[in-house]
Amino acid sequence: RLKSPEALAPLMTAFTPDHIVYAGIEPLFLAAGSLHTASGVRSQIQEYEVTHGKRPRILAVEGLGVFGVDHTPNGAEKAVALFLDEVKIAAYAESFGGARPLDQHLIEFIDSWEVERYRKKTSGVKG
C-alpha cells in the first residue's frame with residue numbers, strides 16, 4: 001500500500017525510454033483526503049495536465065495502490081506493468097548503490113522525440 005508522496009519519490013522519474021512511453025515520466029499522487037469528490041480528483045488531474053502538458057499515465061492513490069490510465073484497457077495495463085518494472089529497478093538498485101534514472105535532458109528528448117511519438121501512436125498509447 002502506498003503511504004505517502006515521499007514513498008513515491010524514487011519513482012518520480014524514468015529509467016528507460018519504455019517507461020517514458022508507456023508509464024509516463026511522473027505518476028500523479030492522490031492523497032486519500034482528496035478522493036472525497038470526483039471534482040477534487042478531476043482538478044488534480046487537470047493541474048497535472050497544465051504542469052506536464054499531458055494526462056498522467058499512473059495514478060498513485062494513498063492507501064490503495066497504483067492505477068494505469070489510458071483510453072484502452074491494454075494501454076492502462078501496459079502503464080501499470082512498466083510502472084511496476086520501475087518499482088523493481090528502484091528496489092533492486094538499492095543493493096548496488098541506488099537507482100540511476102535517466103538524466104532530465106534525456107527524458108525530455110525522448111519524450112519529444114518523433115520516433116517515440118510514432119511508437120506511442122502505433123502501440124495505441126495516447127498522450
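Let's start with Arg55, which is exposed, at a relative accessible area of 56% (exposed means over 50% relative accessible area, buried under 20%, and partly exposed in between, using a 1.4 Å probe and protein chains only). You're looking at a predicted model, in which local features need pLDDT of at least 70 and side-chain atom pairs count only at pLDDT 80 or more, while totals for chains, interfaces and linings use all residues. Residues are numbered from 1 along each chain as its sequence is written, and side-chain values use heavy atoms, with hydrogens and water left out.

**The overall layout**

- The protein chain has six helices and three strands (these are DSSP runs, numbered from the N terminus: H or I of at least four residues for helices, E of at least two for strands).
- If you walk along the sequence, the pattern reads α-α-β-α-β-β-α-α-α.
- The chain has 127 residues, and 36% of them are buried.
- Take the contacts between residues at least 6 apart in sequence: 62% of those join residues at least 24 apart (a contact means heavy atoms within 4.5 Å).

**Salt bridges**

- A search of the whole structure turns up three salt bridges (a side-chain nitrogen of Lys or Arg within 4 Å of a carboxyl oxygen of Asp or Glu).
- Back to Arg55: its side chain forms a salt bridge with Glu49, at 3.6 Å from N to O. Glu49 counts as partly exposed because its relative accessibility is 27%.
- Asp111 and Lys54 form another salt bridge through their side chains, at 2.7 Å from N to O. This pair links distant parts of the chain, 57 residues apart: Asp111 sits in helix 5 (residues 104–112), and Lys54 sits in the loop between helix 3 (38–52) and strand 2 (58–61).
- Asp111 has a relative accessibility of 17%, so Asp111 counts as buried. Lys54, at 25%, counts as partly exposed.
- Arg57 and Asp70 make a salt bridge too, with their closest N and O atoms 3.4 Å apart. Arg57 is in the loop between helix 3 and strand 2, while Asp70 is in the loop between strand 3 (65–68) and helix 4 (73–93), so the pair ties together parts that are 13 residues apart in sequence. Both Arg57 and Asp70 are buried.

**The strands**

- Strand 1 and strand 2 run parallel and are joined by three bridges (two strands pair if DSSP finds at least two bridges between them). Phe29 stands opposite Ala60 of strand 2.
- Strand 2 also pairs with strand 3, this time in the antiparallel sense, over four bridges. Here Val61 has Gly65 in strand 3 as its bridge partner.
- The hairpin of strand 2 and strand 3 has three residues between the strands, and Gly63 in this hairpin takes a positive phi near 80 degrees.
- Strand 2 is covered on both faces: Ile58 and Ala60 are buried on one side, Leu59 and Val61 on the other.

- His19 belongs to helix 2 (residues 17–23). With a relative accessibility of 1%, His19 counts as buried.
- The His19 side chain makes a polar contact with the side chain of Asp85, at 2.7 Å (a polar contact is a pair of N or O atoms within 3.5 Å; within protein, one must be able to donate a hydrogen and the other to accept it, and residues adjacent in sequence count only if both atoms are side-chain atoms).
- If you skip residues up to four places away in sequence, His19 touches Ala14, Gly24, Leu82, Asp85, Glu86 and Ile89.
- Ala76 is part of helix 4, and at 16% relative accessibility Ala76 counts as buried.
- Leaving out neighbours within four places in sequence, Ala76 is in contact with Gly68, Val69 and Asp70.
- Ala76 and Ile58 are 18 residues apart in sequence, and their C-alpha atoms are 8.3 Å apart in space.

- Leu35, Leu64 and Phe67 make a nonpolar surface patch of about 280 Å² (patches are made of residues with over 30% relative accessible area and no salt bridge; like charges are joined within 9 Å, and nonpolar side chains, meaning Val, Leu, Ile, Met, Phe, Trp and Tyr, within 5 Å).
- Leu35 is in the loop between strand 1 (28–30) and helix 3. At 32% relative accessibility, Leu35 counts as partly exposed.

Definitions and conventions. Areas by Shrake-Rupley, 256 points an atom, 1.4 Å probe, with all protein chains shown as cover.
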